[in-house]
Amino acid sequence: MSFRKVVRQSKFRHVFGQPVKNDQCYEDIRVSRVTWDSTFCAVNPKFLAVIVEASGGGAFLVLPLSKTGRIDKAYPTVCGHTGPVLDIDWCPHNDEVIASGSEDCTVMVWQIPENGLTSPLTEPVVVLEGHTKRVGIIAWHPTARNVLLSAGCDNVVLIWNVGTAEELFRLDSLHPDLIYNVSWNRNGSLFCSACKDKSVRVIDPRRGTLMAEREKAHEGARPMRAIFLADGKVFTTGFSRMSERQLALWDPENLEEPMALQELDSSNGALLPFYDPDTSVVYVCGKGDSSIRYFEITEEPPYIHFLNTFTSKEPQRGMGSMPKRGLEVSKCEIARFYKLHERKCEPIVMTVPRKSDLFQDDLYPDTAGPEAALEAEEWVSGRDADPILISLREAYVPSKQRDLKISRRNVLSDSRPAAALGSSRLGAPAATTTAADATPSGSLTRAGEAGKLEEVMQELRALRALVKEQGERICRLEEQLGRMENGDA
């Protein structure tokens, strides 16, 4: 009896990361040096935004994705804050709207011109004032239009209606210490947060109630992060008591024990998780690391499956993740990250290798589109709705190789003169041939095509016979191999 090692089947086992060529990077960007565990980068299908060093206030760059190469030092920035910018986030329902939080205790919402900035942008569309200390976390609601969450170092979480510039909900008694991060669930009915008191909390913002809490989710003192997965589970990153970096998966219904817990290494950079709800893959990037690890989350134990690691030479200062609708579907690209170096931003493409160049349904299920499912007022009144999904099939562009194949077939069908085809295929006597020459050229072409079709059919029949014969031979060989393995032969 032979024993074969069983390898877990997954279409993402062979995902590989590849940095783009140098001329497609964004060079000479002075990335912010603020000591804050933010991603410093936000990206959508139109623009790349990077928080940069700025004298006398806070600023961030907004570049059209096509503007690669060296960025001029005089390139205009968004510079309305009076203190360093700590976090930025693009609106999921409008690719030209971005929100920023700053050390000046304000949240500002900006409208970016359709073709990018031509002069410095100093006037925000809305200024939201309500925090008493610096604002380090910004997160748009995933399904309700104009709903924005902000969290500050005053340990307060505020929910805003950006359309009317009013404060909807103030949650000021749920966090006793600094909030590390906040993440909405898929339909925006709850959010989870990681806090400096080592607790992970699941909160209903409209009621202002704590739905679940896990104290000491990670024992270590360094920053944790928590994100909601599509199925309602919570994924966390943090540190053990021995300062080893950890990943954990939790069920909010029962936070007594983690569903899964993995230790990674003993580096000291905070782990930033990026989650793709369509493929259930989590990408984990450590600040100061030079690698991106990725894991698949499944329904069966051990739940968290390590897939692979992308490594490069340069450490990362921050990282931005492209939404699914901004990827190149025809190249089987399932994720794209924008890695911040000391002086540049480098896109990294994650690809699933596929031989076929047809649209891959299994890699691209319907994904969240740019249309809001609810208005702010509907959400406040208690309604919930899942994201409105769109198909990425429309974004699929057949490769030039496919066009070339079609073109070659057309060339072959007319590659020989019709008269020659007619005479050689039909095999008629000389008198008949002369008569055929007198007929209109259209009938000769049809006769030639009929002869060519008969030849193709004969070839097809011969191929079928060959395939059948080879199939029978393979079956016989497999039977022999089976008998040899079982010791019968």
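# A covered strand and its surroundings

Welcome! Strand E14 is covered on both faces: Val157, Ile159 and Asn161 on one side and Leu158 and Trp160 on the other are all buried. Here buried means under 20% relative accessible area, exposed means over 50%, and partly exposed lies in between, using a 1.4 Å probe and protein chains only. This is a predicted model, in which local features need pLDDT of at least 70 and side-chain atom pairs count only at pLDDT 80 or more, while totals for chains, interfaces and linings use all residues. Residues are numbered from 1 along each chain as its sequence is written, and side-chain values use heavy atoms, with hydrogens and water left out.

**Strand E14 and its partners**

- E14 spans residues 157-161, and five of its five residues are buried. Strands (E, at least two residues) and helices (H or I, at least four) are DSSP runs, numbered from the N terminus.
- Strand E13 (residues 147-152) runs antiparallel to E14, joined to it by five bridges; strands count as paired if DSSP finds at least two bridges between them. Across this pairing, Val147 faces Asn161 in E14.
- Four residues separate the strands in the E13 and E14 hairpin, where Asn155 has a positive phi near 65 degrees.
- E14 also pairs with strand E15 (residues 166-171), again in the antiparallel sense, over five bridges. There Ile159 sits opposite Phe169 in E15.
- The hairpin of E14 and E15 has four residues between the strands, and its Ala165 takes a positive phi near 60 degrees.

**Nonpolar cores**

- The largest nonpolar core has 56 residues, and those with the most contacts inside it are Ile29, Leu48, Phe60, Val62, Ile112 and Tyr338. Such a core is a set of buried Ala, Val, Leu, Ile, Met, Phe, Trp, Tyr and Cys residues joined through side-chain atoms within 4.5 Å.
- Strand E4 (residues 47-52) gives the most to this core, contributing six residues.
- Another core lies apart from it, with 25 residues that include Ile292, Leu307, Phe359 and Leu363.
- Leaving aside neighbours within four places in sequence, Ile29 touches residues including Val50, Leu61, Ile71 and Cys345, where contact means heavy atoms within 4.5 Å.

**Salt bridges**

- The whole structure holds 28 salt bridges, each being a side-chain nitrogen of Lys or Arg within 4 Å of a carboxyl oxygen of Asp or Glu.
- One of them links the side chains of Asp28 and Arg70 (3.4 Å, N to O). Asp28 is in the loop between strands E2 (26-27) and E3 (41-43) and Arg70 is in strand E6 (residues 69-70), so the pair ties together parts 42 residues apart in sequence.
- Asp28 is buried at 17% relative accessibility, whereas Arg70 is exposed at 56%.
- Glu378 and Arg383 also meet through their side chains (2.6 Å, N to O); Glu378 is partly exposed at 26% relative accessibility, and Arg383 is partly exposed at 43%.
- Through shared partners, salt bridges join Asp28, Arg70, Lys73 and Arg343 into one network.

**Cysteines and the record**

- There are zero disulfides in the structure, a disulfide being a pair of cysteine sulfur atoms within 2.5 Å.
- Cys195 is buried at 1% relative accessible area, and Cys332 is buried at 6% relative accessibility.
- In the model, residues 78-112 are 0% helix and 63% strand, with end C-alpha atoms 9 Å apart.
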